[in-house]
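These are my notebook entries on a structure that I looked up. I record what I searched for and what I found.

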2 protein chains.
Amino acid sequence: MARIVMKFGGTSMAGIERIRSVAARVKREWEAGNEIAVVVSAMAGETDRLVGFCREASSLYDPKEYDVVVSAGEQITSGLLAIALQAIGVPARSWLGWQLPVHTSDAFAKARIEDIETGTLLASMGAREVAVVPGFQGVHDGRISTLGRGGSDTSAVAVAAAVKADRCDIYTDVDGVYTTDPRIVPRARKLKKVTYEEMLELASVGAKVLQTRSVGLAMKENVRIQVLSSFTGEDAPMADTLPGTMIVGEEEIDVERQLITGIAHDKNEAKITLTAVPDKPGAVAAIFGPLAEANINVDMIIQNIAHQSAGSASATDVTFTVPSSDLARSIETLNQAKAAIGFSELTHDTRVAKISVVGVGMRSHAGVAATMFKTLGERGINILAITTSEIKVSVLIEEDYTELAVRVLHTAYGLDAEIEAA
Amino acid sequence: MARIVMKFGGTSMAGIERIRSVAARVKREWEAGNEIAVVVSAMAGETDRLVGFCREASSLYDPKEYDVVVSAGEQITSGLLAIALQAIGVPARSWLGWQLPVHTSDAFAKARIEDIETGTLLASMGAREVAVVPGFQGVHDGRISTLGRGGSDTSAVAVAAAVKADRCDIYTDVDGVYTTDPRIVPRARKLKKVTYEEMLELASVGAKVLQTRSVGLAMKENVRIQVLSSFTGEDAPMADTLPGTMIVGEEEIDVERQLITGIAHDKNEAKITLTAVPDKPGAVAAIFGPLAEANINVDMIIQNIAHQSAGSASATDVTFTVPSSDLARSIETLNQAKAAIGFSELTHDTRVAKISVVGVGMRSHAGVAATMFKTLGERGINILAITTSEIKVSVLIEEDYTELAVRVLHTAYGLDAEIEAA
């Protein structure tokens, strides 16, 4: 017997047929004697529809009323799943955010979960009743709050932490976390286990499996997450024997594990270069201060060595990357601050990609970065910028080389799956 | 300054453009210094969509979970109207059923409102904030409940009673209550005032303006209802000068009022005749007992005088009407009870119509029924059955004569509008 939180995304809840198949899957875990809470997203497309209504009603909508509107999507699916479970003989009931309650901060439309009361929830689960909890929603001061887009993963992890679940099974469109994008590298391998830290790096650089916030919360609360495919047939083995990916603490990872866990890529970066920035104290602050105020995340930064031309003060070029979606706002912000910064020209380029190698193993091994630079260099791939963290090395390259770079690095770090003998 | 409850139906809430025009109308009442609560329906079609999901998930759905699902429709429109009001400078907030709260009975999916707490609601309205209340929903024992289809009219009247509103303005597809269906009688007149009792009779015989339950509640709580068109332009006069219909207590009606208030017709009746029913004690109970158990409403009943043929027990024919929608179930129920009832043949006819003349004036005037029978007789319209109440006389006729009957009665009782002199 285990206590399990199961989470199903919008694609799994898109229509009654799919909700029925979710119910069948929940029933199998329940029949095995497990205590079950299920966290559900809204039907695919529903949240977009509701957000669209709010935006149409007013571009400056009240986040408290927005939350009243958009939380309805998960309210609907939680009731429907409870009905579908009861229809196949599984006792079930929905628990809305205000009913448990799920207490959140007062940041309506982007609230954080502060506390989940578990008394009634645990009593219900203990009495062999499946608890269906709408994701994405909570309550603050008697009013409905929501967690921001993709918040249902976070809800699932928070519920799992609150009820001290043995496992949080996240059913998603993919069947696990791979060493890299299998569409680029057919010999990519599915990882059996990955650490929270690695998952955070892989997620934030483009492996869109789980919402980043939910992984951070799982790490903090030590919740074991299992990523599973929601489209495996009913005959598939039970979740605890399914070949998904477990996201766990570092202590659960084998010592003999690989140096590098995965290769990620991200084409949603844009490069900005400011030329002839005066080389004086405060120049960098003049650039990045206004961007920070505009809530724009600057990632990689390269400052060239100052060059001095005859008869003028010394100056330098500054290059950095921002998310492509923030490029227009970045350019506007920098042009407004042009006098204060004192740069000569602003150029930008969206045809770049960030390639990252990630692995907790690199903590104890030197040479990871050197292998990366050498491998890319041998294929004539130019490195435009570099950043590193304890468990990650990222480089910026021209976008056209993305797939090539991922493939050669995947091979170089020994990640390719064995080809089975015929 | 007045305290007003305004209620808008699904057609008025169908899409953001219409919600915006509702907001503009609310703003005008608010700018006049009135305290306002607005009760809203779900967007047209939305409740059907949600009910459809529940039925698809299980034909025997849990009414508690059904309520979680279907209450979402009004939750969405209440948030959107609050946003639309704020966007035009009117302070507003939504108050969901569980927030006020609106306490209901435990009959989930068809609950009755028991009590509405008004402390926070009145404080909010008193502070010049428009209170937006989703119709149709309440709460029982911490769980969402709903009032059954069309329950938003009832919610509006209940809110008006709870806050002791001066008026409950119901905005609907029609612009008031008429002496009869204007599509049949172009000279039908819009009534300035009608009593609760008359409205109940008119509603239950086919004048579909307000939900019957809401009129009964208004009568009990003495809430003045005003029926208004939601499709009058923004330049229309204020609601208290609009030519809608007021639904009020009998004491507010002029003594010099007309004898008859209106003529209603209803084609949704079906006639059933059982032949050769044994004329013995208990025979009638054997017929109507099973129908009552099947929750089928029998309306008109005629029992012919018993006729005795030579050599057999005396027998009689029994004719009665049921709603057309219950005809199939009625036939099934009666055939199952055939042995117990002992009838010979069952015949049915859906090509009948019920015509009713309604008016509190007939209490003090004899001859209303006589005028009806004489008028219809002069046109050769055969009367198949008759029922009467204190303020109503109804007859069953062949369906083909419906329009003719309504027109000649409308004229006979002096209801035709004056034709204005050119």
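I took contact to mean heavy atoms within 4.5 Å. The model is predicted, and I kept that in mind throughout.

**Entry 1: the interface.** I first looked up how chain B meets chain A. On the side of chain B, 39 residues are in contact with 39 residues of chain A. I then turned to area, since the size of an interface is often given as the accessible area lost when the parts come together. Chain B and chain A bury about 3200 Å² between them. Of this area, 63% lies on carbon and sulfur atoms.

Entry 2: From helix 4 of chain A, the contact is made by Ile76(A), Leu80(A), Ile83(A), Ala84(A) and Ala87(A). Helix 2 of chain B supplies Leu50(B), Phe53(B), Cys54(B) and Ala57(B).

**Entry 3: salt bridges.** How many salt bridges are found over all chains? The search of the whole structure gave 44. Across the interface of chain B and chain A, the rule finds 2. I noted Arg49(A) with Glu46(B), whose closest N and O atoms are 3.3 Å apart. Within chain A, the side chains of Glu35(A) and Arg3(A) meet in a salt bridge at 2.9 Å, N to O. This pair links distant parts of the chain, with Glu35(A) in strand 2 (residues 35–40) and Arg3(A) in strand 1 (residues 3–8), 32 residues apart.

Key:
Residues are numbered from 1 along each chain as its sequence is written. Chains are lettered from A and ligands numbered from 1 in the order in which they are written. This is a predicted model: local features need pLDDT of at least 70, side-chain atom pairs count only at pLDDT 80 or more; totals for chains, interfaces and linings use all residues. Side-chain values use heavy atoms; hydrogens and water are left out. Helices (H or I, at least four residues) and strands (E, at least two) are DSSP runs, numbered from the N terminus. Buried area is the accessible area (1.4 Å probe) that two parts lose on being put together, summed over both. A salt bridge is a side-chain nitrogen of Lys or Arg within 4 Å of a carboxyl oxygen of Asp or Glu.
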